[in-house]
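Subject: Helix packing in the model

Hello,

Here is the structure for your files.

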Amino acid sequence: MKYKEKTASEIIRMIEQDLCSISEICKSFKISRKTFYEWKKAKPDFGEAVEEAIDHREEVMIASARIGLKQLLEGYMQKKEKVTYIPDKNDPLNEVEKCRVVEKKFCPPSIRAIKYVLDREERRKDRDRLLASERHPLVIEVQDEETRRQLMILKGNGFRSGGSLNPEVVAAVDKEMEEEGRKTKNEERKVKNEQGQAMEQPPVAQPSAAPVEKPKPKNLYPFLPPGYTSRTD
């Protein structure tokens, strides 16, 4: 099937109004899903309009969900109507309304909805605290290894209680502390060896200074013949 502007407009309208899925829309217009995505790729305007329609549909759905959640949190008034019909005296084949009863019932707030919102807010706060701790890490100084071990278990358990009862967390912490201790001992041994080698090395003899030769006096009277000296000698 060839691409047509009218067909494309109808498809976009149905997507925006959330009337059908993509498969149902393609079936109603007698095109395949492959053709739909080929149009979307080959026609940039159509592809952009489809994405905007999907975004609008999602925004409407989220707004409806928020309204429904707000009603569950605050409570709402439910209206129910009951209509009774009787045959029309003038036209027995038709019916006319005899009476209409309207019942109103207040539905109290939903405990389940309230718990959902509170739990979501608590998760958000935990996430914000975690991000804040990553930006500004908490530094705790401890004096003994056991306190440090308990803090490491708490961290390994996601800062939740009960980590000491989890054998996997405890084993991981003990292994990490063992590796850190081994690494520290190796570094200390390396430093001691370097210090010992530095003390055992004999002092390096300084090379003796070469004798300095005194410069010979220059002949102040180069014009005198050999064997003659000046009166100042």
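Angles under 35 degrees count as roughly parallel, over 145 as roughly antiparallel, 65 to 115 as roughly perpendicular, and the rest as oblique. This is a predicted model, in which local features need pLDDT of at least 70 and side-chain atom pairs count only at pLDDT 80 or more, while totals for chains, interfaces and linings use all residues. Residues are numbered from 1 along each chain as its sequence is written, and side-chain values use heavy atoms, with hydrogens and water left out.

Helices here are DSSP runs (H or I, at least four residues) numbered from the N terminus. Axes are lines fitted to C-alpha atoms over the stretch in contact, and angles run from 0 to 180 degrees between N-to-C directions.

H1 and H4

Helix H1 (residues 5-16) packs on helix H4 (residues 44-74) at about 20°, with the axes 8 Å apart. The two are therefore roughly parallel to each other. On the H1 side, the contact (heavy atoms within 4.5 Å) is made by Ala-8, Ile-11, Ile-12, Ile-15 and Glu-16. H4 contributes Phe-46, Ala-49, Val-50, Ala-53, Ile-54, His-56 and Arg-57.

H4 and H5

Between H4 and helix H5 (residues 111-135) the angle is about 115°, and the axes are again 8 Å apart. That makes H4 roughly perpendicular to H5. Leu-69, Leu-72 and Leu-73 of H4 meet Ala-113, Ile-114, Tyr-116 and Val-117 of H5.

Regards
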